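Here is a short report on a protein model. Please look over the sequence and the structure first.

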Amino acid sequence: MPVPTNVFIGEFEQLVLLTLLQLDDNPYALPLRERLNEVAGRKVSRGALYRTLDRLEQKGFIGWELEEDTPVRGGHPRRRFTVTRQGITALRDSREALMELWDGLEQVLR
């Protein structure tokens, strides 16, 4: 589904997308939540995380697939998340806009 180019990515959405990209070999909700807690210093609730993941999927920025259930998980399958090409583009556009806005403010922000 095409996404309008003017879709804004919120701060937490950016953190989730960037973290998913870093969790290349382990892109699941629990490691994602743990990494966000660790790096961003945020205690992320399951509800907030899944609402954000759902919103990112609706925007076309992530996709997911169900993996087979395992005995370790009590027979429950888990979702493996991936950042889409549209998600990468949105992150790139957001970064470029932020870098332009930060430019020249070094003195003010010291």
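The text below covers the fold, the helix packing, the salt bridges and a surface patch.

**Fold**

This is a predicted model. The protein holds four helices and two strands. From the N terminus on, the order is α-α-α-β-β-α. Of its 110 residues, 29% count as buried.

**Helix packing**

Two packed helices are described by the angle between their axes and the distance between the axes. Helix α1 spans residues 11-22 and packs on α2 at an angle of about 115°, with the axes 10 Å apart. These two helices are therefore roughly perpendicular to each other. The crossing of α1 and α2 is right-handed.

Helix α2 (residues 29-40) also meets helix α3 (residues 46-58): their axes come within 11 Å and cross at roughly 110°. So α2 and α3 are roughly perpendicular to each other. Their crossing is right-handed.

Y50 lies in helix α3. Its relative accessible area is 26%, so Y50 counts as partly exposed. Y50 and R33 are 17 residues apart in sequence, and their C-alpha atoms are 9.9 Å apart in space.

**Salt bridges**

The count comes to five salt bridges. Three of them are listed here.

| Pair | N to O distance |
|---|---|
| E13 and K59 | 3.0 Å |
| R78 and E67 | 3.6 Å |
| R80 and E67 | 3.6 Å |

Take the side chains of E13 and K59, which meet in a salt bridge. This pair links distant parts of the chain: E13 sits in helix α1, K59 in the loop between α3 and β1, 46 residues apart. Both E13 and K59 are buried. E13, R55 and K59 are linked in a network of salt bridges.

E67 has a salt bridge to R78. Both R78 and E67 lie in the loop between β1 and β2, 11 residues apart. R78 is partly exposed, with a relative accessible area of 31%. E67 is also partly exposed, at 23% relative accessibility.

E67 meets R80 in a salt bridge as well. R80 lies in strand β2 and E67 in the loop between β1 and β2, so this pair ties together parts that are 13 residues apart in sequence. R80 counts as partly exposed, at 23% relative accessibility.

**A nonpolar patch**

Which residues form a nonpolar patch on the surface? They are L98, L101, W102, L105, V108 and L109. Together they have about 630 Å² of accessible area. One of them, L101, is found in helix α4 (residues 85-102). Why does L101 count as exposed? Its relative accessible area is 61%, and exposed means over 50%.

Technical notes. Residues are numbered from 1 along each chain as its sequence is written. This is a predicted model: local features need pLDDT of at least 70, side-chain atom pairs count only at pLDDT 80 or more; totals for chains, interfaces and linings use all residues. Side-chain values use heavy atoms; hydrogens and water are left out. Patches are made of residues with over 30% relative accessible area and no salt bridge: like charges are joined within 9 Å, nonpolar side chains (Val, Leu, Ile, Met, Phe, Trp, Tyr) within 5 Å. Accessible areas come from the Shrake-Rupley method with a 1.4 Å probe; for residues, only the protein chains shown count as cover. A salt bridge is a side-chain nitrogen of Lys or Arg within 4 Å of a carboxyl oxygen of Asp or Glu. Buried means under 20% relative accessible area, exposed over 50%, partly exposed in between (1.4 Å probe, protein chains only). Axes are lines fitted to C-alpha atoms, for helices over the stretch in contact, and angles run from 0 to 180 degrees between N-to-C directions. Angles under 35 degrees count as roughly parallel, over 145 as roughly antiparallel, 65 to 115 as roughly perpendicular and the rest as oblique. A crossing is left-handed if the near helix is turned anticlockwise from the far one by less than a right angle, and right-handed if clockwise.
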